[in-house]
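Work through the exercises below with the sequence and the model open. Each task is followed by a solution in steps.

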Amino acid sequence: LPSPVSGQPSAPGKAPPTSAEQLRSELESALKAKDRSAILSLIKWEGLSDNMKVTAKQNVDDMLSREITSVKLSPVNAHRKLTNEVNGFRYRPVIPVIGEVDVHYTEQWIHTVLAYGKEGDAFYFSFNVKEKIEAPTTK
């Protein structure tokens, strides 16, 4: 059955990863197997706009079009700005980011960095949600 959130088949009975290493390992295995559904199951979908869901799926399809050389855990890049405010909107991770998975490909100049976070005991890849910034009220 398709997931009501992602529109992708859900994996019945498959528990989400319970460690960053398991998340990394499941991503690597899914990339090697070219298993789109398995990768999509590692993303935290709740709260994402339809546009961000499309972007996330396009990122997955791009990763699947390449041959990987490594999939590694890394700390959050100190220079990475996780929250941005643009034109009256705030873009922030759907769950707090605690690390990154860095995917390298045979094309050495290309790599993908996926932010991940933890919700409860589960680890997921975290894309951004869009929130309208309320204008300050004056009295």
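**Exercise 1. Strand pairing around β3**

Task: Determine how β2 and strand β3 (residues 89-93) pair, and over how many bridges.

Solution. The two strands pair in the antiparallel sense, and three bridges connect β2 with β3.

**Exercise 2. Confidence in the model**

Task: This is a predicted model. State the mean pLDDT of the protein, and find where pLDDT stays under 50.

Solution. The mean pLDDT is 88, with 87% of the residues at 70 or more. The stretch where pLDDT stays under 50 is residues 1-12, for which the model has 18 contacts beyond four places in sequence. Where pLDDT is low, the predicted coordinates should not be read in detail.

**Exercise 3. The four-stranded sheet**

Task: Give the strand order of the open sheet of four strands, then trace its pairings.

Solution. The order is β1-β4-β5-β6, and the pairing is antiparallel. β1 (68-74) and β6 are the edge strands, each pairing on one side only. The twist averages 25° from one strand to the next.

Step 1: β1 and β4 run antiparallel and are joined by six bridges. V71 stands opposite V103 in β4. Helix α1 (residues 20-33) packs on this sheet and touches β1, β4, β5 and β6, while its direction makes about 165° with that of β1.

Step 2: strand β4 (residues 97-105) is joined to β5 by seven bridges, again antiparallel. V101 has L114 as its bridge partner in β5. Five residues lie between β4 and β5, which form a hairpin.

Step 3: β5 and strand β6 (residues 122-125) run antiparallel, with four bridges joining them. K118 has F123 as its bridge partner in β6. The hairpin of β5 and β6 has two residues between the strands, and in it G120 takes a positive phi near 65°.

**Exercise 4. The cavity**

Task: How many cavities of 30 Å³ or more does a search of the whole structure find, and which residues line the largest cavity?

Solution. The search finds one cavity of 30 Å³ or more. The volume of the largest cavity is about 30 Å³. Its lining consists of I39, I43, A56, V60, M63, L114, F125 and F127. Sorted by class, this lining has eight nonpolar, no polar and no charged residues. Helix α3 (residues 50-64) gives the largest share of the lining, three residues.

**Exercise 5. The second largest pocket**

Task: Describe the second largest pocket by volume and by the class of its lining residues.

Solution. The volume of the second largest pocket is about 250 Å³. It is lined by 16 residues, of which R80, A115, S126, F127 and N128 are the closest to its centre. α3 and β5 (111-119) are the elements that give two or more residues to this lining. By class, the lining has nine nonpolar, five polar and two charged residues.

Methods: Residues are numbered from 1 along each chain as its sequence is written. This is a predicted model: local features need pLDDT of at least 70, side-chain atom pairs count only at pLDDT 80 or more; totals for chains, interfaces and linings use all residues. Side-chain values use heavy atoms; hydrogens and water are left out. On a 1 Å grid over the protein atoms alone, a cavity is a set of points where a 1.4 Å probe fits but cannot get out, and a pocket is an open set with protein on both sides within 12 Å along at least five of seven lines; lining residues have an atom within 4 Å of a point. Grid points are joined across faces, edges and corners, and a volume is the space filled by probe spheres set on the points. Ala, Val, Leu, Ile, Met, Phe, Trp, Tyr, Cys and Pro count as nonpolar, Asp, Glu, Lys and Arg as charged, and the others, Gly among them, as polar. pLDDT is the predictor's confidence in each residue, from 0 to 100. Contact means heavy atoms within 4.5 Å. Two strands pair if DSSP finds at least two bridges between them. Axes are lines fitted to C-alpha atoms, for helices over the stretch in contact, and angles run from 0 to 180 degrees between N-to-C directions.
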